[in-house]
Amino acid sequence: MRWPAQMILGAALTALFLAVALVSLIWVPHDVAALNIAAKLLPPSAAHPLGTDHFGRDMLSMLMVGARSSIAVALVAVGIGVAAGVPLGLLAAARHGGWVDELVMRGNDLIFAFPALVIAILITAVFGPSALNAILAIGIFNIPVFARVTRGGALSLWRLDYILAARVAGKGALRISAEHILPNILNLLIVQGTIQFSLGILAEAGLSYVGLGAQPPTPSWGRMLAEAQTMIYTAPRLALLPGLAIVTMVLGLNLLGDGLRDLLDPRLRRRTA
Amino acid sequence: MLRYAAARLVSLGLSLVAASLVIFAVIEVIPGDPAAFMLGLNAEPDTVAALRDELGLNGSLPARYLDWVGGMLRGDFGLSYTYRVPVAELVAQRLWVSLPLAMLSLALSTLIAIPVGVIAAARRGQAADYGIMGATQLGIAVPNFWFAMLLVLVFAVKLRWFNAGGFPGWEAGVFSALKALTLPAVALALPQAAILARVMRSALIETLGQDYIRTARAKGLNARQTIRRHALRNALIPVLTIIGLQFSFLLAGAIIIENVFYLPGLGRLIFQGITQRDLVVVESVVMLLVFAVIVVTFLVDIAYGAADPRLRHRR
């Protein structure tokens, strides 16, 4: 078995970034809103462990606040996906083959045709760019993902005897879904949530990089990269640090997700048992 | 097969209608008056009225929708408000950047991913497998636009082998055009290849566990022959599906990558459309992108149905 080491590494990296984001709520080394042109592009030092950017802002503080916005966007987007997708998936499975099922699945197919970036483009074209748009775009994209996972997991449970027993006992589809189906697909949802969380971090970075996400002066990893791009000749460090932060965070979440899947997947468990 | 194809075709048509309705609703219904929206707050009322007239906004909503869809079917995407040229013309120009870029990176990622995935599967549990799996894990975590910046840093800034961006146009010769597309295509292809290599590996491992593989080995084929003659072809089916499904990611990725390299493709066109509030451009280009995704999904379904008869009858 190899998963524990990988999973522990993943969990540690994830916890580290979550902690950094939380700490940034109450304390950052330097104010990220204060511009100090005299201190621009300083190399790493005791006062600025990761140096300063082209406006003299402390890079470490920027990255900390950036972690907060990335995580917030990705988490809320997962929340939207779960809140809308899971009930839809449960409903589709409970009414399998009926028109509700058909409608939910076709609606999902439709959203799948719109990549998160395209949703963001549509929203931004009409409402203007903001972090909220990024959340909405990624969240809408998450809905069919969770609906599909929920429906798939629920369908396989509906065939089992204990569900039949519950039906014979007179429980309605709604109660069965809530009391018996949902707790048993929680594993699947946790794993999928981790995956969508990591995809959300990547998507948020991409959206804010092209200007469809967090707006200045809010620091975000994607925007830091966009600003650093113009200075890649003079100050490549500015482009390296936010990218490394994204990669480390996403890598951590992916390792955690893989580990959780191995750990929680009932098929794998049965095989090893 | 014919019935399966016909059913998929109907669903293709319905998806396209539904997608166009969504786009129409967002762009033309939600802003209230698109003409006033495009011109901004300080527009004179008669300018707004003139634009309303030009955009055909005075008709009823159903009439406007049918007009828009009918126009697209004839290849008429409307007139760009800012460029004062037909959107179809703009799209045709930009397509010559975006499409080759997407194709190039698709080819590149496939050419990298398949051998790499096969090696990992054939050497399962050995050092090569661990190395490849570690590298792909990293590849999945790297945002392609950041990878693009790293490529610029190394190959344009330090080594000076390539330009950091820009596109000379195909008139400047195929070589210089391809050269300008090389770094963008690599940036787009490698993270994609990481995902594809993992799919290739697991598909091949699953195939290698089948009975007919044991038969092939039993009749005296060595591991290499078995993979080449029996396992690879069967394992390629799921890989081809993923390639098709990844098309939408590739398209979205291309839009972002075009920004890194200042390539005059569809992505730049869309972002210019957004900043200039040129809703005609945004509406048509988004529809085109969604159209491409839906059609590719349809083609993958058909190809999959052709390759695997069981799917045609499954619900």
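Read from the N terminus, the elements of chain A run α-α-α-α-α-α-α-α-α-α. That makes 10 helices and zero strands, where helices (H or I, at least four residues) and strands (E, at least two) are DSSP runs numbered from the N terminus. This is a predicted model, in which local features need pLDDT of at least 70, side-chain atom pairs count only at pLDDT 80 or more, and totals for chains, interfaces and linings use all residues. Residues are numbered from 1 along each chain as its sequence is written, while chains are lettered from A and ligands numbered from 1 in the order in which they are written.

Now for the meeting of the two chains. Chain B puts 38 residues into the contact and chain A puts in 29. On the chain B side, helices H1 (2-29), H6 (127-141), H7 (144-158), H11 (247-260), H12 and H13 each supply at least two residues. H11(B) gives the largest share of that side, with eight residues. Sorted by type, the chain B side has 34 nonpolar residues, four polar and no charged. Here Ala, Val, Leu, Ile, Met, Phe, Trp, Tyr, Cys and Pro count as nonpolar, Asp, Glu, Lys and Arg as charged, and the others, Gly among them, as polar.

Setting aside neighbours within four places in sequence, Ile121(A) is in contact with Leu212(A), Ile270(B), Ile274(B), Val282(B) and Val286(B).

In chain B, the axes of H12(B) and H13(B) come within 8 Å and cross at roughly 145 degrees; such axes are lines fitted to C-alpha atoms, for helices over the stretch in contact, with angles from 0 to 180 degrees between N-to-C directions. H12(B) brings Leu266(B), Leu269(B), Ile270(B), Gly273(B) and Ile274(B) to the contact, and H13(B) brings Val281(B), Val282(B) and Val285(B). By type, these are seven nonpolar, one polar and no charged.

A few loops are worth a look too. The peptide bond from Pro216(A) to Pro217(A) is cis, with omega near 5 degrees, and Pro217(A) lies between helix H7 (173-209) and helix H8 (221-229) of chain A. Arg84(B), in the loop between H4 (61-73) and H5 (87-122) of chain B, has a positive phi near 55 degrees without being a glycine. Arg84(B) counts as exposed because it has 7 C-beta neighbours inside 10 Å. Arg277(B), in the loop between H12 (266-275) and H13 (279-307) of chain B, also is not a glycine and has a positive phi of about 55 degrees. With 19 C-beta neighbours inside 10 Å, Arg277(B) is partly exposed.

Notes:
Buried ≥ 20, exposed ≤ 12 C-beta atoms within 10 Å, placed from the backbone. Contact = placed C-beta atoms within 7 Å.
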